[in-house]
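Student: Could you walk me through how to read a few local features in a protein model? I'd like the general idea first and then the case at hand.

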Amino acid sequence: MSKRLVLGFDISTQSCKCIAVELETLVIVANTKVHYDSDLPSYQTVDGIHRHPDGHQFTSPTVMWFDAMKLSLDRVAIELNDKGLSLREVVAISGSGQQHGTVYWSIADVINFNFDLQDQLSRFESPIWMDNSTKVECNLLEKYMGGAANMQQLTGSAAVERFSIHHITKFRKHNSISYSKTKRISLVSSFGASLLCGRIMPMDTTDAAGTNAMDIQALDWSTAILDFCEIDQSILGNLTKPWDTLGVVDNFWVKTHGLSPEAKVVSWSGDNPCAVVGMGLVQPGDILISLGTSDTCIFVVDQLPNHFHAECSFGHFFPHPLLANAFFGMLVYSNGDITRRKIRDEYAEESWTKFSSAIESTQGISSIGAYWTVDEISPPLAKRDPVRVEEGKVVEEFSNPMMNCRAVIEYKALIMKTHLDQMRGGTDIKRVLMTGGATSNPAIVQVFSDILGKPIVGLDMPEAAAYGACLRAVHAISTKEERMHLLSRISTGAVITNPNKDTVSHYQGLYQQIPTLLRDL
Ligand code: XUL
């Protein structure tokens, strides 16, 4: 019997993923990945990137993403075929794109698949989120807007080097001839949607918040910012909602991959927004902590703060990709796994088991330690020696050095709580989800549960962005009743740890010391 399927792409930095989900059950029936370096070697990328000699510019060949989408669909077709399914059964497609990357078109509307895609672009390399060569543009804009807090209030983020408007402004200033040939600019997400529809599609209001040029309350371009940057609004196009259906797939995909001409294309969005949905962050009060190479904390709120804390100008807000009138905030910490591993190697003989025992044996000690093995972005601090505080005094080393293992985890949980309290206002915390390798370590999860005073729900969702894109597609083509049901089905997960009531007051004392520690750095 024929099934109804939805597809979710994820054009990420190193690979393009595509998964197929069965509409009724939301079960993944195909899950493919195209690695740019090894599957598309002619583009000569390393980790999907061209690193430029100045150390600040990072680009990817735009056309590579188109080739990756075609190859992904070939692979999905094979996996579906093995299960007696086919791409013909796909009723809707959406996707996720690495945030902030930009695509420069020399055409104004319709893509001609009979010609090389490259010939329809005014720039062959897309600056991506790692490109931090735009300090000058950021400083000028932020000064004009009256500082970081004003920028954050207006756009959801202070001026950030990796955000798109700065890359576009820099291109306009330094490559004026190519810029003059540019008729439209897409984000990686809206580029994917455009390829599927065969014409240039609008950016969605969630991913557009990653340009630093959208008024996050009005959900429209900020004319003040565009005027200052000398960017004509028509080059960016109108905005669409992330849950809007854009049209059906172009005949190109019907001919090359056997998709149904009725398959709907739903607005694509950024990878973090799609992951928000894939992880089930669909109600205000939900918080997700992800411990990985860098640590991330994402939280859903139903309103933006009235007043942005200057101490938190490194945090970001984006419109929620599934809920109208809601937003999600994002905090990123660069001292994640590498810093934890360094402490483990120094104090726990390179063993996570010994690291966990050290955490357990030092419970209840009122010391704080903070560690930076790479430059930190939240708050911005250059890599520096650790700070250890014992009995209110700064010390070279703890009297029990095992405390370093507990302290590196406690500091991360305490600093996240500090930033969450500053950015979320008084909204009740409903659920705390945790994901990433560290979730398999109960001692680490317990510290987070005790410091936040909440049960922790464990999550293992490696393809959260592509899966989130599928869920957004399902949501977009559902009726109002089906949507309510869908929301309750995707916000599940099991509690893995409960807070230990005895530690609450202990941690309140440590929490109060964090502002002083940060001030004295
Ligand atoms: C978010 C960011 C990255 C990219 C690439 O602001 O820069 O997470 O989305 O994944």
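Tutor: Happy to! Let's start with a term: a residue counts as buried when its relative accessible area is under 20%. Keep in mind that this is a predicted model.

Student: Which residue follows α16, and what is its phi?

Tutor: Gly-453 comes next, with a positive phi near 70 degrees.

Student: What should I expect of the backbone in general?

Tutor: Most residues other than glycine have a negative phi, and most peptide bonds are trans. Now for the exceptions here. His-100 is not a glycine, yet has a positive phi of about 80 degrees. His-100 lies in the loop between β6 (90-97) and β7 (102-105). Asn-212 also has a positive phi, near 75 degrees, and is found in the loop between α8 (205-208) and β11 (214-215).

Student: Are His-100 and Asn-212 buried or exposed?

Tutor: His-100 is buried, with a relative accessible area of 4%. Asn-212 is buried too, at 0% relative accessibility.

Student: And where is the cis peptide bond?

Tutor: Look at the step from Ser-378 to Pro-379, where the bond is cis and omega is near -5 degrees. Pro-379 belongs to the loop between β22 (376-377) and β23 (380-381).

Student: Let's turn to aromatic rings. What describes a pair of them?

Tutor: Two quantities do it: the distance of the centres and the angle of the planes. With a cut-off of 6.5 Å between ring centres, the count comes to 16 aromatic pairs. One of them joins Phe-308 and Phe-317, with 5.8 Å centre to centre and 85 degrees between the planes, so the pair is edge-to-face. Phe-308 is buried at 6% relative accessibility, and Phe-317 is buried at 0%.

Student: Which residues do ring pairs link into a cluster?

Tutor: Phe-66, Phe-113, Phe-252 and Trp-253 are linked that way.

Student: What about charges over rings?

Tutor: Here the idea is to look for a charged end above a ring face, judged by its distance from the ring centre and its angle to the ring normal. Arg-344 lies over the face of Trp-352, 4.7 Å from the ring centre. Likewise, the charged end of Arg-388 sits over the ring of Phe-398, at 6.0 Å from its centre.

Definitions and conventions
Residues are numbered from 1 along each chain as its sequence is written. This is a predicted model: local features need pLDDT of at least 70, side-chain atom pairs count only at pLDDT 80 or more; totals for chains, interfaces and linings use all residues. Side-chain values use heavy atoms; hydrogens and water are left out. Helices (H or I, at least four residues) and strands (E, at least two) are DSSP runs, numbered from the N terminus. Buried means under 20% relative accessible area, exposed over 50%, partly exposed in between (1.4 Å probe, protein chains only). Rings of Phe, Tyr and Trp (its six-membered ring) pair if their centres lie within 6.5 Å; planes under 30 degrees apart count as stacked, over 60 as edge-to-face and the rest as tilted. A charge sits over a ring if NZ of Lys or CZ of Arg is within 6 Å of the ring centre and within 35 degrees of the ring normal.
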